[in-house]
Amino acid sequence: MGTIAGARSEPAREGPGPEAASAVLERELTEAVLAGAARSDVLHALRRATGRQVRLLSADGAPLATTDGGTGVPAAVADGVLADVSGPVVDTLDGLRATALPVRAGTTVAGVLLTMGPGDPRVRALAGAAVTALLIDAVRAGGGSAEVSTRLTPADVIAALRSGTVSPAVCAAAAGLGIDLRRPPAGAVLHYSGSRPRAWSTALTWLEHPVRQEGRTAWTVVPDEAVLDRLRNRLRLMTGDDSADHVMAASGSRPESTVGLARSFTEAERLLGLARARRVPLLTFDRCGVVQVLLPLPRTQVEAYVEAHLGPIRQRPELMATLRAWLAERGSRQSVSAQLHLHRNSVGYRVRQIKSLLGTDPLIPAASAQLHLALAALDLLAADDQRLHGDDEPAPTGR
């Protein structure tokens with residue numbers, strides 16, 4: 001299969017103007033696709049050229065390929081984009097802004113191309129350079145027609161449910177897979193961190209359960225925690241890894257209607273990040289404790305709460321670790337000493353510092369409740385950062 005090596009590894013800061021750079025990139029992408037490169041190669045090349053994450057959506061707004069694993073847009077928004085060649089700025093279902101560009105030529109429709117972030121004429125020009133290559137790929141894959149197929153694979157169904165674009169065709173295909181959208185299941189996500197990614201991919205194809213895979217992550221829907229736990233355990237056994245946390249899973253809340261499915265998947269992804277940070281193999285919405293209170297809140301509000309209650313010690317890792325242990329052990333100096341490998345007097349000194357800097361005794365019930373919530377909020381923020389930046393390891397949270 002062809003690859004795309006000509007696209008720059010980072011966006012050029014100086015050099016040819018947008019039109020010249022776009023022409024060069026269009027030639028490189030078109031030649032690469034004609035040589036066998038896939039649309040995922042086109043997207044990654046575009047990401048390198050623009051410095052932006054990129055998503056290709058179907059005409060219904062469902063993600064077909066992405067560089068960041070993100071969601072799509074409502075079908076009505078996708079329809080509007082296909083009729084508008086100006087490159088409007090739209091909101092995705094996971095709450096991000098993006099510049100949308102229709103990928104079409106006459107009646108040939110490959111979908112909608114999103115470049116994440118605020119509008120930028122240079123970025124839009126470079127995105128336009130990918131249209132020809134994506135059309136060639138779509139026509140080649142569709143045997144001469146790039147129109148969206150009515151035959152939906154299980155992966156297509158999960159992608160549509162995750163993006164919230166639930167059309168009659170999706171409902172019919174979901175019913176054929178045993179998914180009753182009259183009582184929607186919860187969105188769920190699984191992640192593999194072991195050393196056998198090929199075994200992981202093979203194991204996913206053997207599941208008698210609809211999934212959509214992107215690398216080490218897979219999305220699905222589940223009616224309850226028991227089903228998710230069985231899936232996780234089966235995948236763990238099939239990959240052959242000894243470690244119990246090489247396969248992690250999380251699920252969101254069960255929505256009342258299909259409208260809430262996209263939110264449920266976003267909750268699952270955030271909880272997976274939290275599970276990875278805490279090294280917990282399975283975390284569901286029903287069992288995530290006070291995090292339930294935090295999930296609907298905007299990041300700015302969560303950040304403000306953390307700063308209000310942990311600000312004076314937030315940049316002091318030794319005090320943060322002591323506070324966590326002190327709350328977990330309910331003020332047992334001996335237990336904290338053993339857990340942190342500190343002398344009892346050192347524990348007492350740190351606790352006095354914490355009390356002085358925070359202006360309260362962490363073991364007072366009201367203060368304890370506030371600090372537990374603030375620590376959970378800090379963990380969620382760190383997990384969100386790790387998820388959005390795509391790091392392999394969870395971000396540190398002052399443990």
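Hi everyone, let me start right at a helix pair: α2 and α4 cross in a right-handed sense. Please keep in mind that this is a predicted model.

Let me stay with that pair for a moment. Helix α2 covers residues 39-50 and helix α4 covers residues 121-128. Their axes come within 10 Å, and the crossing angle is roughly 155°. An angle over 145 degrees counts as roughly antiparallel, and α2 and α4 are therefore roughly antiparallel to each other. Which residues of α2 meet α4? They are Leu-46, Ala-49 and Thr-50, and on the α4 side you'll find Arg-122, Val-123, Leu-126 and Ala-127. By type, this contact of α2 with α4 divides into five nonpolar residues, one polar and one charged.

Now let's step back to the whole chain. The protein chain has 399 residues, and 48% of them count as buried. It holds 16 helices and 10 strands. If we take contacts between residues at least 6 apart in sequence, 62% of those join residues at least 24 apart.

Helix α13 runs over residues 317-328 and helix α14 over residues 333-340. These two pack at an angle of about 135°, and their axes are 9 Å apart. How do we describe that arrangement? The crossing of α13 and α14 is right-handed. From α13, the residues in the contact are Ala-321, Thr-322, Ala-325 and Trp-326; from α14, they are Arg-333, Val-336, Gln-339 and Leu-340. Sorted by type, the contact of α13 with α14 has five nonpolar residues, two polar and one charged.

Where does Ser-253 sit? Look in the loop between β9, residues 247-251, and α10, residues 261-278. Is Ser-253 buried or exposed? Its relative accessibility is 11%, so Ser-253 counts as buried, the cut-off being under 20%. The side chain of Ser-253 makes a polar contact with the side chain of Glu-267, at 2.7 Å. Setting aside neighbours within four places in sequence, Ser-253 touches Ala-186, Arg-263, Ser-264, Glu-267 and Phe-285.

Note on methods:
Residues are numbered from 1 along each chain as its sequence is written. This is a predicted model: local features need pLDDT of at least 70, side-chain atom pairs count only at pLDDT 80 or more; totals for chains, interfaces and linings use all residues. Side-chain values use heavy atoms; hydrogens and water are left out. Axes are lines fitted to C-alpha atoms, for helices over the stretch in contact, and angles run from 0 to 180 degrees between N-to-C directions. Helices (H or I, at least four residues) and strands (E, at least two) are DSSP runs, numbered from the N terminus. A crossing is left-handed if the near helix is turned anticlockwise from the far one by less than a right angle, and right-handed if clockwise. Contact means heavy atoms within 4.5 Å. Ala, Val, Leu, Ile, Met, Phe, Trp, Tyr, Cys and Pro count as nonpolar, Asp, Glu, Lys and Arg as charged, and the others, Gly among them, as polar. Buried means under 20% relative accessible area, exposed over 50%, partly exposed in between (1.4 Å probe, protein chains only). A polar contact is a pair of N or O atoms within 3.5 Å; within protein, one must be able to donate a hydrogen and the other to accept it, and residues adjacent in sequence count only if both atoms are side-chain atoms. Angles under 35 degrees count as roughly parallel, over 145 as roughly antiparallel, 65 to 115 as roughly perpendicular and the rest as oblique.
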